Amino acid sequence: MTAIEMRALRAQMNPHFIFNCLTSINRYIVMSDSKTASAYLTKFAKLMRLILDNSASEFVAFDAELQTLQLYLDMEMLRFDHSFAYDINCEGISRQTGKVIPTMIIQPFVENAIWHGLMHKEQKGKLWVRFYQEPNNIIRVEIEDNGVGRQKAALSKSKDTLKTKSYGMQISMDRISIISKQRNILSSISIHDLFDKEGKAAGTKIILQLPFIEETAELKNSTQTI
């Protein structure tokens, strides 16, 4: 489990993502757009701090996970010059619910949607992340994009990029399997190809079933050094 957690941290702290963020910040500096560069750098620093803080725990507060996810999406939007938009919907779940979810699991799937689907779309894309509270300590997370679809993405020129981006998603799937066994909570993942009325690819939807449990003293103390 420790080894997988460390791999998860490395996936989150993707060196390519860090390099590209810093390159974008430098670009704004060169363009003398100090206001945008400063805003970008502030978000980048907050995101790195949240990732490092959250990586020390097996579970994280729901609000903290949402903050991390939103900061990551803001960074990607800036980096890709707002070529896509996103919407996060919690469907009545309070951000201060007091419940926790597995840390650093959702982001790799979101990254996958951006890189596999939206970055290859000619028009402006859209990403939806929806959270639904379900019985038996489960939260359902839907990650949907209106990108080019998995088949077209696989045929694109950036096959190496797609392979790299799938690495973080595979780690998350491994962790979901392990956490499900450890906590005796049924967790799952399913991937669905979306099509329009004419049968053409219209994006992808990923559905995660994750533990959504009350924070306990045990969970608060279940930290590890990475």
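R27 lies over the face of Y28, 5.0 Å from the ring centre. A charge counts as over a ring if NZ of Lys or CZ of Arg is within 6 Å of the ring centre and within 35 degrees of the ring normal. This is a predicted model: local features need pLDDT of at least 70, side-chain atom pairs count only at pLDDT 80 or more, and totals for chains, interfaces and linings use all residues. Residues are numbered from 1 along each chain as its sequence is written, and side-chain values use heavy atoms, with hydrogens and water left out.

**Overall build**

- The protein chain has eight helices and eight strands. Both are DSSP runs numbered from the N terminus: helices are H or I with at least four residues, strands are E with at least two.
- Of the 226 residues, 47% are buried. Buried means under 20% relative accessible area, exposed over 50%, and partly exposed in between (1.4 Å probe, protein chains only).
- Among contacts with a separation of 6 or more, 74% join residues 24 or more positions apart. A contact means heavy atoms within 4.5 Å.
- The chain exposes about 11,500 Å², with 52% of it supplied by carbon and sulfur atoms. Areas come from the Shrake-Rupley method with a 1.4 Å probe; for residues, only the protein chains shown count as cover.

**Aromatic pairs**

- The structure holds four aromatic pairs. Rings of Phe, Tyr and Trp (its six-membered ring) pair if their centres lie within 6.5 Å; planes under 30 degrees apart are stacked, over 60 edge-to-face, and the rest tilted.
- One of the pairs is Y28 with Y40: tilted, 6.1 Å centre to centre, with 50° between the planes.
- Y28 sits in helix 2 (residues 15-30) and Y40 in helix 3 (residues 34-54), so this pair ties together parts 12 residues apart in sequence.
- Y28 is buried at 8% relative accessibility. Y40 is buried at 0%.
- F62 and F131 also pair, edge-to-face, at 5.3 Å centre to centre and 85° between the planes.
- F62 lies in helix 4 and F131 in strand 4, so the pair links parts 69 residues apart in sequence.
- F62 is buried at 1% relative accessibility. F131 is buried at 1%.
- F62, F131 and F212 make up one aromatic cluster.

- Five strands form an open sheet in the order 2-4-5-7-6, with mixed pairing. Two strands pair if DSSP finds at least two bridges between them.
- Strand 2 and strand 6 (188-195) are at the edges with a single partner strand each, so one side of each has no neighbour in the sheet.
- Neighbouring strands of this sheet are turned by 15° against each other on average, direction ignored.
- Strand 2 and strand 4 run parallel, joined by six bridges. Y86 has L127 in strand 4 as its bridge partner.
- Helix 4 packs on the sheet, touching strand 2, strand 4 and strand 5; its direction makes about 170° with that of strand 2.
- Helix 5 (residues 106-116) also packs on the sheet, touching strand 2, strand 4, strand 5, strand 6 and strand 7 (201-211); its direction makes about 15° with that of strand 5.
- Axes are lines fitted to C-alpha atoms, for helices over the stretch in contact, and angles run from 0 to 180 degrees between N-to-C directions.

**Positive phi in loops**

- H82 is not a glycine, yet its phi is positive, near 55°. H82 is in the loop between helix 4 (62-79) and strand 2 (84-89). H82 is partly exposed at 43% relative accessible area.
- N137, also a residue other than glycine, has a positive phi near 60°. N137 is in the loop between strand 4 (125-134) and strand 5 (138-145). N137 is partly exposed at 39% relative accessibility.
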